[in-house]
Amino acid sequence: MKKGWQIKSLDQISTNLDNRRIPITKSDRVNGKYPYYGASGIVDYVADYIFDEDTLLISEDGANLLARSTPIAFSASGKYWVNNHAHILKFDSSITQKFVELYLESIPLDDYITGAAQPKLNQKALNSIPIPVPPLAEQQRIVAILDEAFADLATAKANAEKNLQNARALFESHLQSVFTQRGQGWVEKTLEEVANDNCTLSYGIVQPGEEYAEGMPIVRPTDLSTKVIRLAGLKRINPKLADGYKRTTLRGGELLLCVRGSTGIVSIAAPELAGANVTRGIVPIRFNPLLKPEFGFYLLNSESVQSQIRTKTYGTALMQINIRDLRVLSLSIPPLKDQTM
């Protein structure tokens with residue numbers, strides 16, 4: 001450790017204000033302008049406040065303590081309310097508060113967390129986390145460097161997201177032009193007409209069931225978040241649960257179309273998914289030689305097809321499209337030699 005640095009516990013460098021926390025059930029909250037903080041930040045706005053000072057809030061419980069998808073340490077200032085899911089620490093120095101915030105965000109806390117179903121970081125465990133504390137001037141220098149780095153990172157992220165949006169818009173424009181500026185040899189076919197003879201265009205009825213080690217992988221509508229669906233991360237179930245519905249057994253390479261919930265989402269089953277199956281809400285699609293699968297993916301994502309799906313989608317609590325309507329979706333198909341995109 002560098003000269004002048006010390007290892008301290010949080011109760012040595014801050015005052016814990018947990019005893020001032022007051023939870024308010026959602027039904028009892030009165031809407032207002034003051035932030036209402038919980039384990040992962042602001043969860044609501046209420047009509048009153050119990051704090052009017054700078055503090056550091058640290059998650060006390062919740063899955064995010066392990067997942068770390070959002071910050072577990074975050075500063076609060078001004079007037080606000082805190083429930084009993086976040087620890088509240090008051091520091092003498094705002095620099096030390098920021099230093100501790102950045103430090104806690106940079107280290108794993110798994111060894112200090114108890115509980116699997118409901119992870120928890122109690123006050124005793126929180127205080128047992130060793131904090132390397134440099135002199136105040138050094139804290140200020142480190143915080144300044146990290147603040148600048150995070151600002152640069154935020155700018156780079158914003159630029160990347162903007163570039164991605166521009167690229168996506170350009171791609172969408174090109175995609176639509178492909179399907180609207182038809183050339184010689186294009187034909188109009190229904191989805192049923194271009195489906196392979198052994199593809200029944202049926203949705204899965206496999207029930208998710210319990211997790212089954214080394215069992216059969218299944219694809220659920222929530223898994224359709226990437227262009228290509230692979231084995232990693234898929235739920236596995238007892239293979240007997242799919243014995244009665246072989247027609248949706250995957251061979252790999254199918255298009256997987258969501259017909260319940262987020263209707264119209266399309267993914268491609270990777271070859272490694274051969275032998276897997278799908279749950280209710282997904283229709284596996286295999287094409288006949290008239291249509292290449294890769295081109296079919298973009299075709300089903302085109303506005304001409306997606307607009308038909310939107311028109312045929314019904315329901316309020318659960319949006320879905322009838323299989324009969326799905327089978328008669330109209331597709332504009334160019335000759336095979338023109339389908340490579």
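Is C258 buried or exposed? At 1% relative accessibility, C258 counts as buried, where buried means under 20% relative accessible area, exposed means over 50%, and partly exposed lies in between (1.4 Å probe, protein chains only). The structure is a predicted model, in which local features need pLDDT of at least 70 and side-chain atom pairs count only at pLDDT 80 or more, while totals for chains, interfaces and linings use all residues. Residues are numbered from 1 along each chain as its sequence is written, and side-chain values use heavy atoms, with hydrogens and water left out.

A disulfide is defined as a pair of cysteine sulfur atoms within 2.5 Å. A search of the whole structure returns zero disulfides. C199 takes part in none, since the nearest cysteine sulfur, that of C258, is 16 Å away. C258 is likewise in no disulfide, the nearest cysteine sulfur being that of C199 at 16 Å. C199 is also buried, with a relative accessible area of 10%.

Helices (H or I, at least four residues) and strands (E, at least two) are DSSP runs, numbered from the N terminus, and two strands pair if DSSP finds at least two bridges between them. Strands of a sheet pair through backbone hydrogen bonds, either parallel or antiparallel. Strand β15 (residues 255–258) is joined to β16 by three bridges, and the two run antiparallel. In this pairing, L255 stands opposite I268 in β16. Strand β16 also pairs with β13, here in the parallel sense and over two bridges, with I229 opposite A269. In a regular strand the side chains alternate between the two faces of the sheet. Both faces of β16 (residues 266–269) are covered: V266 and I268 on one side, and S267 and A269 on the other, are all buried.

A further sheet is open and has three strands in the order β14-β12-β17, with mixed pairing. Its edge strands are β14 (235–237) and β17 (277–278), each of which pairs on one side only. Strands β12 and β17 run parallel and are joined by two bridges, and V219 stands opposite V278 in β17.

In soluble globular proteins, nonpolar side chains tend to be buried together. A nonpolar core is taken here as a set of buried Ala, Val, Leu, Ile, Met, Phe, Trp, Tyr and Cys residues joined through side-chain atoms within 4.5 Å. The largest such core has 27 residues, and those with the most contacts inside it are L191, L255, I285, L326 and L331. Elements giving two or more residues to this core include β15, β16, β18 (282–285), α8 (303–312) and β19 (330–333). Helix α7 gives the most, with five residues.

Nonpolar side chains also occur at the surface. L146, F150 and L153 form a nonpolar patch with about 280 Å² of accessible area together. Patches are made of residues with over 30% relative accessible area and no salt bridge, like charges being joined within 9 Å and nonpolar side chains (Val, Leu, Ile, Met, Phe, Trp, Tyr) within 5 Å; accessible areas come from the Shrake-Rupley method with a 1.4 Å probe, and for residues only the protein chains shown count as cover. L146 lies in helix α5 (residues 136–180) and is partly exposed, at a relative accessible area of 32%.

Side chains of opposite charge can pair when their charged atoms come close. With a salt bridge defined as a side-chain nitrogen of Lys or Arg within 4 Å of a carboxyl oxygen of Asp or Glu, the count comes to twelve. One of them joins the side chains of E60 and K120 (2.8 Å, N to O). E60 lies in the loop between β6 (55–59) and α2 (64–67), and K120 in the loop between α3 (94–106) and α4 (123–127), so the pair ties together parts that are 60 residues apart in sequence. E60 is buried at 8% relative accessibility, whereas K120 is partly exposed at 31%.

K227 forms a salt bridge with E294, the closest N and O atoms being 2.7 Å apart. This pair links distant parts of the chain, with K227 in the loop between β12 (216–219) and β13 (228–229) and E294 in helix α7 (residues 293–301), 67 residues apart. Both partners are partly exposed, K227 with a relative accessible area of 32% and E294 at 41%.
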